[in-house]
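Hi everyone, thanks for coming. Have a look at the sequence and the structure on the screen, and then I'll walk you through them.

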Amino acid sequence: MEDIGSGARGSKRFGGPRPFKLAPVKVGEEYDVMIESMSRRGDSGVARIQGLVVFVSGAKMGDSPRIKITKVGSGFAAAHVIGKSGIGSLEGEAETSGDVDE
């Protein structure tokens with residue numbers, strides 16, 4: 001019989017070791033994002049920047065705010081809303097420009 005678990009301790013951890021990866025954002029940077037969902041507590045909107053989860057205080061699902069990063073942690077970032085994003089206005093212009101052509 002083979003004794004599992006008496007060998008290298010911790011080698012059977014869930015997911016294995018993660019390679020070190022720098023966060024794609026820095027404190028103080030600003031981004032235009034789309035709020036995809038709400039946090040479990042319901043006090044922050046959740047957006048993603050290059051796969052990194054960003055908790056945005058004061059945002060609701062479906063919003064497209066301009067945000068400023070306030071904290072960068074391991075696998076997440078925190079931010080607050082600083083204004084309206086240009087994302088929604090660009091989509092609106094594209095839709096109306098098609099209606100002008102007759």
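This is a predicted model: local features need pLDDT of at least 70, side-chain atom pairs count only at pLDDT 80 or more; totals for chains, interfaces and linings use all residues.

Now the overall layout. The chain contains 6 strands and 1 helix. Starting at the N terminus, the order of elements is β-β-β-β-β-β-α. There are 102 residues in the chain, and 20% of them count as buried. The accessible surface is about 8,100 Å², with 53% of that belonging to carbon and sulfur atoms. As for contacts with a separation of 6 or more, 42% are between residues 24 or more positions apart.

On to the sheet. It is an open sheet of 6 strands with mixed pairing, and the strand order reads β1-β5-β6-β4-β3-β2. At the edges you find β1, residues 30-32, and β2, residues 37-38; each has a single partner strand, so one side of each has no neighbour in the sheet.

Let's look at strand β4, residues 52-57, and its two partners. With β3 the pairing is antiparallel, through 6 bridges. Those two strands form a hairpin with 2 residues between them, and Gln 50 in the turn has a positive phi of about 50°. With β6, residues 76-84, strand β4 runs parallel, and 5 bridges join the pair. If you want to find that pairing on the screen, Val 53 has Phe 76 in β6 as its bridge partner, and Val 54 stands opposite Ala 77 in β6.

In soluble globular proteins, nonpolar side chains tend to be buried together. Here the largest nonpolar core has 13 residues, and those with the most contacts inside it are Val 54, Val 56, Ile 67 and Ile 69. The elements giving two or more residues to this core are β3, β4, β5 and β6. Strand β4 supplies the largest share, 3 residues. Residues up to four places away in sequence aside, what does Val 54 touch? The list is Gly 45, Val 46, Ala 47, Ile 49, Ile 67, Ile 69, Ala 77 and Ala 79.

Ser 44 lies in strand β3, residues 44-49, and is buried, with a relative accessible area of 10%. Among the contacts of Ser 44, leaving aside neighbours within four places in sequence, are Ser 39, Phe 55 and Val 56. Ser 39 sits in the loop between β2 and β3. Its relative accessible area is 12%; the cut-off for buried is under 20%, so Ser 39 is buried too.

The structure holds 4 salt bridges. In one of them, the side chains of Arg 41 and Asp 43 meet at 3.4 Å, N to O. Arg 41 is exposed, with a relative accessible area of 72%.

Another salt bridge is between Arg 66 and Asp 32, at 2.9 Å, N to O. Arg 66 lies in strand β5 and Asp 32 in strand β1, so this pair ties together parts that are 34 residues apart in sequence. Glu 30, Asp 32 and Arg 66 are linked in a network of salt bridges. Then there is Glu 36 with Arg 48, at 3.8 Å, N to O. Glu 36 is in the loop between β1 and β2 and Arg 48 is in strand β3, so that pair ties together parts 12 residues apart in sequence.

Last stop: Glu 29, in the segment before β1. Glu 29 is partly exposed, at 28% relative accessibility. The side chain of Glu 29 reaches the backbone nitrogen of Lys 26 at 2.9 Å, and a 2.4 Å polar contact joins the side chains of Glu 29 and Tyr 31. Finally, Glu 29 and Lys 68 are 39 residues apart in sequence, yet 5.7 Å apart in space, C-alpha to C-alpha.

Notes. Residues are numbered from 1 along each chain as its sequence is written. Side-chain values use heavy atoms; hydrogens and water are left out. Helices (H or I, at least four residues) and strands (E, at least two) are DSSP runs, numbered from the N terminus. Buried means under 20% relative accessible area, exposed over 50%, partly exposed in between (1.4 Å probe, protein chains only). Contact means heavy atoms within 4.5 Å. Accessible areas come from the Shrake-Rupley method with a 1.4 Å probe; for residues, only the protein chains shown count as cover. Two strands pair if DSSP finds at least two bridges between them. A nonpolar core is a set of buried Ala, Val, Leu, Ile, Met, Phe, Trp, Tyr and Cys residues joined through side-chain atoms within 4.5 Å. A polar contact is a pair of N or O atoms within 3.5 Å; within protein, one must be able to donate a hydrogen and the other to accept it, and residues adjacent in sequence count only if both atoms are side-chain atoms.
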